[in-house]
Amino acid sequence: MDYQTLTIAIADKVATVTLNRPELRNAFNEHAIAELALAFDELGRSDTVRAIVLAANGPAFCAGADLNWMKKMAGYSHEENQEDALRLADMLRTIYLCPKPTVAKVQGDCYAGGMGLVAACDIVVAIDTAGFCLSEVKLGLIPATISPYVIKAMGEQAARRYFLTAERFDALEARRIGFAHEVVAADALDATVAGIARALVNNSPNALKEAKTLVRDIVGKPVDDALLLDTAGRIAAIRASLEGREGVASFLEKRKPTWLQS
């Protein structure tokens, strides 16, 4: 597909989806939302892709919603606003549920809805000069659609503060509260993300998919008999899977597994 708001490059089994509206600080509108949903859906189903990096061109990662799009929304009815918000919600869910591991490569400021994009990814690497802000309440709005992902990423207590104050916080604070996994100098960003991507593609594709699902399904559940039965069933199933058998056999035979030979 010929994307208008994104670029997509695939190399060494890693797809890089790059937000490409630098003149607008990569703010998204309905077209960018539709293209992101389509890109992650297609890449998630691709047999040639084992990991996805979400990046951006220009000085900012994503400034949230495009101002012209916001002006259009101001004239929408309640029903139109709900339909519009559901499209954004569906796009974020597509990224969050993508069966391939996802890495957010944050090379600049990340505000409002842009924080939802980052929070929906599995791993977040940011440069040390990046700023973050949940600015919605300054505009009389709330970060509702992105909240399931942002709260999971930063935790309830941090969300209470930053949802309410709309304070800008830096990358070190993002790492402290758990929103970012790594903070690096700008000249180390490419190498750091590339190293994480290499680690991901070296692992069993099926195990990566099942591990992502495992985290989502287990978080918050009580450690009871039902959970023990569930987790025992998952390991039993993956031990008997083709990649599970191959992984153990290749380890014992001191050779590369088949997924590294293709």
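Which residues line the largest cavity? Thr5, Leu6, Leu19, Asn20, Arg21, Asn26, Ala27, Phe28 and Ala32 line the largest cavity. The model is predicted: local features need pLDDT of at least 70, side-chain atom pairs count only at pLDDT 80 or more, and totals for chains, interfaces and linings use all residues. Residues are numbered from 1 along each chain as its sequence is written, and side-chain values use heavy atoms, without hydrogens and water.

**Cavity**
- The volume of the largest cavity is about 50 Å³.
- A cavity is a set of points on a 1 Å grid over the protein atoms alone where a 1.4 Å probe fits but cannot get out, and lining residues have an atom within 4 Å of a point.

**Sheet**
- An open sheet of six strands (E runs in DSSP, at least two residues) has the order S1-S2-S3-S5-S7-S10 and mixed pairing.
- Strand S1 (6–11) and strand S10 (182–184) are at the edges with a single partner strand each, so one side of each lacks a neighbour in the sheet.
- Strand S7 (residues 123–127) pairs with S10 in the parallel sense over three bridges; pairing requires at least two DSSP bridges between two strands.
- Valine 125 has glutamate 182 in S10 as its bridge partner.

**Helix packing**
- Helices are DSSP runs of H or I with at least four residues.
- Helix H9 (residues 205–218) packs with helix H10 (residues 225–239) at an angle of about 175°, the axes being 12 Å apart; axes are lines fitted to C-alpha atoms over the stretch in contact, and angles run from 0 to 180 degrees between N-to-C directions.
- H9 is therefore roughly antiparallel to H10 (angles over 145 degrees).

Technical notes:
Parallel < 35°, antiparallel > 145°, perpendicular 65-115°, else oblique. 1 Å grid on protein atoms, 1.4 Å probe; cavity = no way out; pocket = protein on both sides within 12 Å on 5 of 7 lines; lining within 4 Å. Points joined across faces, edges and corners; volume = space filled by probe spheres on them.
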